[in-house]
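Thanks for coming. I will go through one structure today, taking charged pairs, the nonpolar core and aromatic rings in turn.

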Amino acid sequence: MCDSRLLWRDGALRYFVSVLTGIDCLGHRSEELPSIVEKLAKDLIGEAAEHYVFNDESILWMGPLFESEYRKRYGGLGLERKWTKQDEAVVCRLRNPLLSDAEIAKLLPTTSKQLERFSHYKYLRRFLRAGASGKV
């Protein structure tokens, strides 16, 4: 079970990646984690993952993608945390790196102004590779 309030962002990310990959990421050193996360992201979102930088900082903002997959596979077993619009925005951004914020807002549905209030979404956008849109 995963109580993300106790594990916080890094611990929750490691838990979800561990369950989804079968690799004990709670025991891996930090420098090994980005490559494990990148492989899982490529498995889940395909070519969209090529548009992101994977490092110690960027992977922390990708947690909702893995939590979403965990919820899909296991029905949210053991999760106390409520799924939020911000989580949905992060997953939508990860799956659609070439869309502008206005286009993402239409998919959710929400407004571009609301997206700007989502800190996880804004931080994740910083890790788009050159050539990907992520335009405001």
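**Salt bridges, core and rings**

Searching the whole structure gives 11 salt bridges, a salt bridge being a side-chain nitrogen of Lys or Arg within 4 Å of a carboxyl oxygen of Asp or Glu. Before the details, the conventions: this is a predicted model, in which local features need pLDDT of at least 70 and side-chain atom pairs count only at pLDDT 80 or more, while totals for chains, interfaces and linings use all residues. Residues are numbered from 1 along each chain as its sequence is written, and side-chain values use heavy atoms, with hydrogens and water left out.

The overall layout comes next. The chain has 7 helices and 0 strands, where helices (H or I, at least four residues) and strands (E, at least two) are DSSP runs numbered from the N terminus. Of its 136 residues, 46% count as buried; buried means under 20% relative accessible area, exposed over 50%, and partly exposed in between, with a 1.4 Å probe and protein chains only. Contact here means heavy atoms within 4.5 Å. Among contacts between residues at least 6 apart in sequence, 53% join residues at least 24 apart.

Back to the charged pairs. Arg14 and Asp10 form a salt bridge, with 3.0 Å between the closest N and O atoms. Both residues lie in helix H1, residues 4–21, and are 4 residues apart, about one turn of the helix. Arg14 counts as buried at 8% relative accessibility, whereas Asp10 is partly exposed at 33%.

Which parts of the chain does the salt bridge between Arg126 and Glu57 link? Its N to O distance is 2.9 Å. The pair links distant parts, 69 residues apart: Arg126 is in the segment after helix H7 (119–125), and Glu57 is in the loop between helix H2 (33–45) and helix H3 (63–74). Arg126 is partly exposed, at 47%, and Glu57 is partly exposed too, at 40%.

Are Arg93 and Asp101 buried or exposed? Arg93 is buried, with a relative accessible area of 0%, and Asp101 is buried at 1%. The two form a salt bridge, the closest N and O atoms being 3.0 Å apart. Through shared partners, salt bridges join Arg93, Asp101, Glu116 and Arg125 into one network.

Now the core. A nonpolar core is a set of buried Ala, Val, Leu, Ile, Met, Phe, Trp, Tyr and Cys residues joined through side-chain atoms within 4.5 Å. The largest one has 39 residues, and those with the most contacts inside it are Val17, Phe54, Phe66, Leu94 and Leu115. H2 gives the largest share of this core, 7 residues. The structure holds 5 aromatic pairs: rings of Phe, Tyr and Trp (its six-membered ring) pair if their centres lie within 6.5 Å, and planes under 30 degrees apart count as stacked, over 60 as edge-to-face and the rest as tilted. Tyr15 and Phe16 form an edge-to-face pair, 5.7 Å centre to centre with 70 degrees between the planes. Tyr70 and Tyr74 form a tilted pair, at 5.1 Å and 45 degrees. Tyr70 is buried at 3%, whereas Tyr74 is partly exposed at 39%. Tyr15, Phe16, Tyr70 and Tyr74 form one aromatic cluster.
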